[in-house]
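Me: I would like to learn how to read a model of this kind, feature by feature. Could we begin with how strands are paired, and then turn to helices, cores and chain contacts?

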Amino acid sequence: MSKSKRLVYVSEDLIKEAMEIARREGKPLGVFVEESIELALLAKKLGYELKEAADLLEVTKANRILGGAFVPLSVFNYLVKVVSKGKSKSFNERWYESGRLHGKYLKEKFEDPIRIFKEFLKASRWDLNEIEVIDGESSVKLRCFSTVLTDKGTEALLKYVEGAFHGMGYETIRSDYMKGMIILEFKKQEDTKY
Amino acid sequence: MTLKSIKRKSLFAREDLVNRLLSIAKKQGRSLYGLVNEIFELVIRAEDLGVNLQKAFKERWILKKARKDGFILVPEGLWYEITEIAFQNSKDETLKRWFEAGAWLAKRYIEVETEKPFEAFKRSIKAYSWNVPEITIEEDDGQVSVRIISPRMTESYTTLYSVFIQGVLETFGYKISGKSVSTGAIRIKAVRKGQDVKE
């Protein structure tokens, strides 16, 4: 490994923040710099760009806080079918409440909770082939498409997404779905006056 | 619009690392200064969020692998509830589905990970069990010992997860020689088929 050094330029503000972190961690600034570059190279080696790595950070944080469990999709689909038999309403309410909790958390923690929610769905629900979020001036449209999602699975996911948006302070203005397809539109709730 | 000049400072960094960054910057048609700043911004943001970047990158690997293995990520609390209800409503079929899911996963590793499929399976299942505080799978001389401890698991979920592991082990060519399952704790011992159990 080369021991020679080269000069690199960094903005002064960033250097100040970096020095503060290095001080907190009890390491020299030079070590902090090298570790940072090594991490960036690792990201590159693993096949993603820095922007993607930045999104991943937030999703990872949200996943860990909210508690996600890996489950086999085949079992998941079967259990959803069994559980929702005749009890669709209470089952869907559970999904709605779970979504609302997630939405509230994202709203509290992130500047752009909708973007993080989309990343969250992309990272956790790969049974969805496509997730599209259009953040317009007066409303937010969300569309999910899946070729493997069952009827009941679609309903449950719809309630979860709806709950998440309600938790983020939106209300539903359009809700449409069929097996493997969810189309939702929301608008920002007006502030409640007390 | 007021233009604010950004003050720059210089830092020394290892030459081999800087050279690699230079090559990336060149490929992306951007300046080394821009790339280095972006790296610092990312690391500082991670620090602010309290996230270990290296761990985050590894978790990304887990997400990609889990997708290939047919797993999805669902809210844990909700998952335990669903499992509980399904187990009460349709016990035998639910047990069968879990066993089959384990068998399917093991078959996939046998087919795809031709070098050391059981080792690859162990790595993956440990990674997917990030919500399980203790999971050990030891393999020695044709015998396997599995120990899973999680206070969060319900009684039904523990039973179902043990059946899932059983499906995996049997498909990998092991015969269950001992099994103990109680709420939140699974212990399974298995021996390669055709081999005697060692005392």
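Reply: Two strands count as a pair if DSSP finds at least two bridges between them. Please keep in mind throughout that this is a predicted model. With that criterion, strand E5 (residues 170-178) of chain A pairs with E6(A) in the antiparallel sense over 8 bridges.

Me: Which residue of E6(A) is the bridge partner of A:Glu171, and what lies between E5(A) and E6(A)?

Reply: The partner of A:Glu171 in E6(A) is A:Lys187. The two strands E5(A) and E6(A) make a hairpin with 2 residues between them, and in that turn A:Gly180 has a positive phi of about 80 degrees.

Me: Which other strand pairs with E6(A), and over how many bridges?

Reply: E4(A) pairs with strand E6 (residues 181-188) of chain A, again in the antiparallel sense, over 6 bridges, and within this pairing A:Val140 stands opposite A:Phe186 of E6(A). E4(A), which covers residues 140-145, is also joined by 6 bridges to E3(A), and these two run antiparallel. There A:Glu130 faces A:Phe145 in E4(A), and the hairpin formed by E3(A) and E4(A) has 4 residues between its strands.

Me: Is strand E3(A) largely in the open or buried?

Reply: As a general idea, the side chains of a regular strand alternate between the two faces of the sheet. In the case of strand E3 (residues 130-135) of chain A, the number of buried residues among its 6 is 0, so the strand lies largely in the open.

Me: Turning to helices, how should I read the pattern of buried residues, for instance what arc do those of H1(B) fall within?

Reply: The general idea is that an α-helix has 3.6 residues a turn, so residues three or four places apart point the same way. In H1(B) the residues B:Leu17, B:Val18 and B:Leu21 are buried. Seen down the axis of H1(B), the buried residues fall within an arc of 95 degrees, so they line one face of the helix. On the other side of H1(B) the residues B:Asn19, B:Ser23, B:Lys26 and B:Lys27 are exposed. The buried residues of H1(B) pack against E1 and H2 of chain A, together with strand E1 (8-14) and H2 of chain B, and H1(B) is followed by B:Gly29, whose phi is positive, near 65 degrees.

Me: Which residues of H2(B) are buried, and which are exposed on the face turned away from them?

Reply: The buried residues of H2(B) are B:Leu35, B:Val36, B:Ile39, B:Phe40, B:Leu42, B:Val43 and B:Ala46. They cover an arc of only 155 degrees around the axis, which puts them on the same side of H2(B). The face turned away from that buried side carries the exposed residues B:Gly34 and B:Asp48. Just after H2(B), B:Gly50 takes a positive phi of about 70 degrees.

Me: How many residues of H4(A) are buried?

Reply: H4(A) is mostly covered, with 9 of its 12 residues buried, including A:Phe76, A:Tyr78 and A:Leu79. The helix reaches 16 Å from its first C-alpha to its last, close to the 16 Å expected at 1.5 Å a residue.

Me: How many residues are in the largest nonpolar core, and which have the most contacts inside it?

Reply: In soluble globular proteins, nonpolar side chains tend to be buried together. Here the largest nonpolar core has 76 residues, and those with the most contacts inside it are A:Leu79, A:Val161 and B:Phe164. Apart from it lies another core, of 22 residues, among them B:Leu17, B:Val18, B:Phe40 and B:Leu53. As for B:Phe164, it touches B:Trp98, B:Phe99, B:Ala101 and B:Gly102, if residues up to four places away in sequence are not counted.

Me: How many residues of chain A are in contact with chain B, and which element gives the most to that side of chain A?

Reply: In this model 61 residues of chain A are in contact with 65 residues of chain B. H2(A) gives the most to the side of chain A that touches chain B, with 12 residues.

Me: Finally, how far apart are the domain centres within each chain?

Reply: Chain A is divided into domain 1 (14-47) and domain 2 (54-188), and 35 Å separate their centres, taken over C-alpha atoms. Chain B is divided into domain 1 (15-51) and domain 2 (59-192), whose C-alpha centres lie 40 Å apart.

Note on methods: Residues are numbered from 1 along each chain as its sequence is written. Chains are lettered from A and ligands numbered from 1 in the order in which they are written. Domain bounds come from an automatic or database domain assignment. A residue is buried if 20 or more other C-beta atoms lie within 10 Å of its own, exposed if 12 or fewer, and partly exposed in between; C-beta atoms are placed from the backbone. The arc is that of the directions from the helix axis to the C-beta atoms. A nonpolar core is a set of buried Ala, Val, Leu, Ile, Met, Phe, Trp, Tyr and Cys residues joined through C-beta atoms within 7 Å. Two residues are in contact if their C-beta atoms, placed from the backbone, lie within 7 Å. The expected span of a helix is 1.5 Å times one less than its number of residues.
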